[in-house]
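Please read it beside the sequence and the structure.

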Amino acid sequence: MTTLPDKMKAMLLMGHGGLDQLVYADADTPRPKEGEVVIKVGACGLNNTDINTRTAWYSKANNEALGDGAESGFDSIDDADGTWGAGAIRFPLIQGADAVGVIVAVGAGVDPARVGERVMVDPWLLSHGDWLNPENSGYFGSELDGGFAEFTKVRSSNAIRVQSDLSDAELATFACAYTTAENLVQRTLPQPGETVVITGASGGVGSAAIQLCRLRGCRVIAVASESKASLLLELGASRVIDRNTEDLEGAIREAAVGPVDIALDVVGGKSFMSLINALRQGGRYSTSGCIGGQFAQFDLRQLVYKDLQLTGATICPAGTMQRVVSMIETGALKPLLAATYPLADMPQAQEAFIAKQHFGNIVVTP
């Protein structure tokens, strides 16, 4: 077992606000309690939740779209509901959900043979009982310290062993995006031969959803910036629609040669109703984000008279991460590593993430 140093370097979130709230500093190295492991972090991915939490975008007091305050923070927030589960955040906080590394210490009740295992962290800390209740289910890097540090700790059951030739940085592109996407896809139960339209298709969740739908035998229509079209076609999309298309519904129907079976949405905002209108009778819509705007007008007649199914997809059921890791190990999923930054350069990494010019995921390394 590795002798842990007293201190480590970590990126600390000191409070809600702009990029100036990110401070690279010394922090106490975590020690494992009963049932926990300590991981020496090799890499950790960035996600929208890091930005949302820093800016308190989740707060119901905020009416602005994510992009409007992603760097500077928002003026209208309520610290009491600054997290995804409508709760308060403890500061300073070490964020980072997509930690990959090696177990270097274990707590009581954990097999010492786990020391030396290469692992990926399952970020969903589900409890027994009603795991869909946010009060019972936490998120790694949100309700407790995460992977933006040299060392991190987590329940042993959430440290999933992985056997892969992929680098730590490549593996750090998967956990949050692919568990989110797998849950998003599963909510609609796609069948072979069905047509799926996916918004935000060049981002982490969207690009993951393309791969997961293709594995299920579906035809995919991707909505993204025109500059990403060739990459999305290579990834498995059959058609790519420019996200700035004025008549999005018409473009979807033209690409699909009719209505679509499923819409998977991470954008929301003004594109929401176009997706609903493009669904067939009995179509299914599922969303795991609204980076394009959290408010949308909705014609309820579409829901009622087309027998639509609409679902949200946030908390992932138990076993989701294990399925993702199995697909990684068999080579069924392709890592999409957009860029790697040193942990100390987190503000620059977040600026690049916010700019949305990348394809796939951005990762930091201690």
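1. Buried means under 20% relative accessible area, exposed over 50%, and partly exposed in between (1.4 Å probe, protein chains only). The model is predicted: local features need pLDDT of at least 70 and side-chain atom pairs count only at pLDDT 80 or more, while totals for chains, interfaces and linings use all residues. Residues are numbered from 1 along each chain as its sequence is written, and side-chain values use heavy atoms, with hydrogens and water left out.

2. A salt bridge is a side-chain nitrogen of Lys or Arg within 4 Å of a carboxyl oxygen of Asp or Glu. By this rule the count is 15.

3. Arg-301 and Asp-299 form a salt bridge at 2.9 Å, N to O. Arg-301 is exposed at 56% relative accessibility, whereas Asp-299 is partly exposed at 26%.

4. Salt bridges with shared partners join Glu-194, Asp-261, Arg-280 and Arg-284 into one network. Within it, Arg-280 pairs with Glu-194, with the closest N and O atoms 3.6 Å apart. Arg-280 lies in strand β15 (residues 279-287) and Glu-194 in the loop between α3 (175-186) and β11 (195-198), so the pair ties together parts 86 residues apart in sequence. Helices (H or I, at least four residues) and strands (E, at least two) are DSSP runs, numbered from the N terminus.

5. Arg-280 also meets Asp-261 in a salt bridge of 2.6 Å, N to O. This pair links strand β15 with strand β14 (residues 260-265), 19 residues apart. Arg-280 is partly exposed at 27%, while Glu-194 is buried at 11%, and Asp-261 is buried at 14%.
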